[in-house]
Amino acid sequence: MNWVSFVNFEKIERKCMSSIRKKVDLSENRKDLEMVFSHSISTFLNQAFQHSLSFSNDDVIFKPNMKVKYALSPKLINSKKFMETWEHSNLPHFINQIVDTTYHKYIHMGKHGEKTVRKIRQTDNRSLKIF
């Protein structure tokens with residue numbers, strides 16, 4: 001029998017998740033939200049793989065109109081090391097947590113876009129009054 005060890009990213013996940021949620025929450029529009037998602041994922045993956053693989057913002061893309069809500073780049077799909085880790089770790093669970101957080105914010109922005117713009121203007125006006 002061939003045993004494959006399970007890789008647990010929980011320690012890195014705990015360290016990163018609150019920061020990622022904060023960045024998602026502070027996103028000003030849907031485009032910004034998509035960039036925060038991709039940047040957060042690539043940063044996490046670079047830490048998780050300790051730079052044994054190199055990840056860019058284009059490797060995991062937020063796709064809110066798809067059933068899965070994200071897409072892996074062909075580079076990742078064709079990487080044996082990445083796919084073995086993907087299949088034998090809690091990495092998909094972590095990615096799905098970030099996707100869920102991002103998607104909920106994405107939906108909220110679609111329903112309440114005027115509140116987001118008003119909130120930004122209020123923040124800008126307050127900062128002007130300080131000076």
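User: Where does Ser-42 lie?
Analyst: Ser-42 is in helix α2. Helices here are DSSP runs of H or I with at least four residues, strands are runs of E with at least two, and both are numbered from the N terminus. This is a predicted model, where local features need pLDDT of at least 70, side-chain atom pairs count only at pLDDT 80 or more, and totals for chains, interfaces and linings use all residues. Residues are numbered from 1 along each chain as its sequence is written, and side-chain values use heavy atoms, with hydrogens and water left out.

User: Ser-42, buried or exposed?
Analyst: Ser-42 counts as buried, at 5% relative accessibility. Buried means under 20% relative accessible area, exposed means over 50%, and partly exposed is in between (1.4 Å probe, protein chains only).

User: And what is Ser-42 in contact with, leaving aside neighbours within four places in sequence?
Analyst: Phe-55, Ser-56 and Asn-57. Contact means heavy atoms within 4.5 Å.

User: OK, α2 itself. How does it pack with α1?
Analyst: Helix α1 (residues 10-26) and helix α2 (residues 30-48) have axes 10 Å apart, at an angle of about 165°. That makes α1 roughly antiparallel to α2. Axes are lines fitted to C-alpha atoms, for helices over the stretch in contact, with angles from 0 to 180 degrees between N-to-C directions. Under 35 degrees counts as roughly parallel, over 145 as roughly antiparallel, 65 to 115 as roughly perpendicular, and the rest as oblique.

User: Which residues of α1 and α2 meet?
Analyst: On the α1 side they include Ile-12, Cys-16, Ile-20 and Val-24, and on the α2 side Leu-33, Val-36 and Phe-44 are among them. The residues of that contact divide into nine nonpolar, two polar and four charged. Nonpolar covers Ala, Val, Leu, Ile, Met, Phe, Trp, Tyr, Cys and Pro, charged covers Asp, Glu, Lys and Arg, and the others, Gly among them, are polar.

User: What about α2 against α5?
Analyst: The axes of α2 and helix α5 (residues 91-111) come within 10 Å and cross at roughly 170°. So α2 is roughly antiparallel to α5. By class, their contact has 13 nonpolar, two polar and three charged residues. Phe-37, Ile-41 and Leu-45 are among the α2 residues there, and the α5 residues include Phe-94, Ile-98 and Tyr-106.

User: Switching topic, where is Lys-69?
Analyst: Lys-69 sits in the loop between β1 (60-62) and β2 (70-72). Phi of Lys-69 is near 75°, a positive value in a residue other than glycine. Lys-69 counts as buried, with 17% relative accessibility.

User: And Ile-77, which helix is that in?
Analyst: Helix α3 (residues 74-77). Ile-77 is partly exposed, with a relative accessible area of 46%. Leaving aside neighbours within four places in sequence, Ile-77 is in contact with Leu-72 and Met-83. The C-alpha atoms of Ile-77 and Asp-59 are separated by 9.6 Å, and the two residues are 18 apart along the chain.

User: Zooming out, how many helices and strands does the chain have?
Analyst: Six helices and two strands. From the N terminus the order is α-α-β-β-α-α-α-α.

User: How much of the chain do buried residues make up?
Analyst: They make up 37% of the 131 residues. Among contacts between residues at least 6 apart in sequence, 62% join residues at least 24 apart.
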